[in-house]
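I wanted a quick look at this one before doing anything else with it.

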Amino acid sequence: MIELDIVKDDDMEMLLKDISHLYGYDFTQYSKASLKRRLNRICMLDKFTSFAELRYRLIHDDAYLSRFIEEITVNVTEMFRDPHFYAALRHHILPILRTYPFIRIWVAGCSTGEEAYSLAILLKETDLFNKTLIYATDINPSVLEKASKGIFPLNQMKQYSRNYILSGGNRDFSSYYMSMYDVVKFNSDLSSKMIFSTHNLVSDSSFNEFQLILCRNVLIYFDKDLQNKVFKLFDDSLQPFGFLALGAKETLRFSNVEYRYKQWDEDKIWKKIS
Amino acid sequence: MENRKTTEILLIGGSAGSISVLLEVLPQLQDHLSFPLVVVVHRTSHPESMLEDLLRFRSRLPVEEVYDKMTLKDACIYLVPADYHLLFENKRMVSLDCSEKVNYSRPSIDVTFQSAAQIFEEHTAALLLSGANADGIEGLRCIAEKKGAVFVQDPETAEIAYMPRQALLNLQVDTVLEPREMASFINQLSTYY
């Protein structure tokens, strides 16, 4: 079922200005086509029959803001998504990072944490876990809360286990979690090296230097100017010879920082070379 | 086809049974179509590039898989990648989106058709091929509401007739096409013909 098209372009612009003005969240450089769908979707989910109702609620009920942010940002993610990418990390990138005494990784836009846990498993299996910290950040505090618990739906595990094996994993995937009814809880050891924090890629600045930044399927929701701004932020946050990993259909090509990076093979991984 | 509006985008949607039609039709397209052609088919994410390679090998038109914020050119065939929805930012630029599946599908034909209808309005043309689910029907409806042009494969010729048949049952379709007629029909939509 597709959403009705009740939110007009002008409405959207007005609402985004309100939110920026009232709450300091700036969505004005988000990709319009996606955002419009999300706004129509939240109208449907929360039974607003007109755009004006949504706007009224947002302006007058500040408790509604967190719900709004959770629903208009996309939180679809999975473990070991694009197994080939994780295989490249396992076989090529992590062996390079091994030479550092201490490894810092940033998962930017981590959502409910599936990628951070996938990374933690890779680090365990390559014996790098103990000297690594994973900074997992998102704009949205409620998904970080979920991420820190490491609890995921049981019905996803078949797919995740398949991805894990395709990515070169050869242990029993179920040894990393305990099943409880319809969910699984990942071993708390895995999250012991994760730091969860809110961070807004639009407005917050660099907060550390990393050897690896993962930001996969986040930038597709931003317009090109904002993408360039975020690339600059990542550039400021990467050590020389550090790596930036993007989603399967995202690219650093045509960006302002392209000339400082070299793409790693066919995968969406770029090495900072200057 | 009197008073036909200029076609500015052609969308082709299909599911089970549609690949063979694409392989028959796309190679016969003339190489200066006056619009881009966007293909949304349901496929699993693993044999990712197979369809692209097959089409590229046979087609005179350039075939490319879409990446985020890509600029579309006339007379090019664009394949929507597995596991992403395709949306139009404006008449030339597309975005990818990996939000929730729609009709159990990502890419969803409905999502792309609806997005195109909002941007291209009556200059949208869409063709729905063989398939076993109802994805695409609502999208065609959006296009029809904007007075765009709506075509479906003749269910009699479809490997899986459900999708085109549902379209015919649920909305006013401009033209029903057999695969062997499709290429010349598409070529005639072009103003450069």
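My entries follow, starting with conventions and ending with the annotated site.

**Conventions.** Residues are numbered from 1 along each chain as its sequence is written, with chains lettered from A and ligands numbered from 1 in the order in which they are written. This is a predicted model, so I kept in mind that local features need pLDDT of at least 70 and side-chain atom pairs count only at pLDDT 80 or more, while totals for chains, interfaces and linings use all residues.

**Chain A against chain B.** I looked up the contact first, where two residues count if their C-beta atoms, placed from the backbone, lie within 7 Å. Chain A puts in 14 residues and chain B 21. On chain A's side, helix α2 (residues 32-45) gives the largest share, 3 residues. Helices here are DSSP runs of H or I with at least four residues, strands are runs of E with at least two, and both are numbered from the N terminus. By class, I get 5 nonpolar, 4 polar and 5 charged residues on that side of chain A. Nonpolar covers Ala, Val, Leu, Ile, Met, Phe, Trp, Tyr, Cys and Pro; charged covers Asp, Glu, Lys and Arg; the others, Gly among them, are polar.

Which residues does UniProt list for "active site"? The unreviewed entry gives S15(B), H42(B) and D135(B); positions are in the numbering used here, feature names are shortened, and annotations may be inferred rather than shown by experiment. They spread over 121 residues of sequence, yet cluster in space, with a largest C-alpha distance of 9.6 Å.

I checked H42(B) next: it is in the loop between β2 (37-41) and α2 (50-58) of chain B. H42(B) counts as buried because 23 other C-beta atoms lie within 10 Å (20 or more is buried, 12 or fewer exposed, in between partly exposed, with C-beta atoms placed from the backbone). Leaving aside neighbours within four places in sequence, H42(B) contacts S15(B) and S105(B).

D135(B) is in the loop between β7 (124-128) and α4 (137-145) of chain B. D135(B) is also buried, with 28 other C-beta atoms within 10 Å. Not counting residues up to four places away in sequence, D135(B) touches several residues, including S15(B), N103(B) and S105(B).
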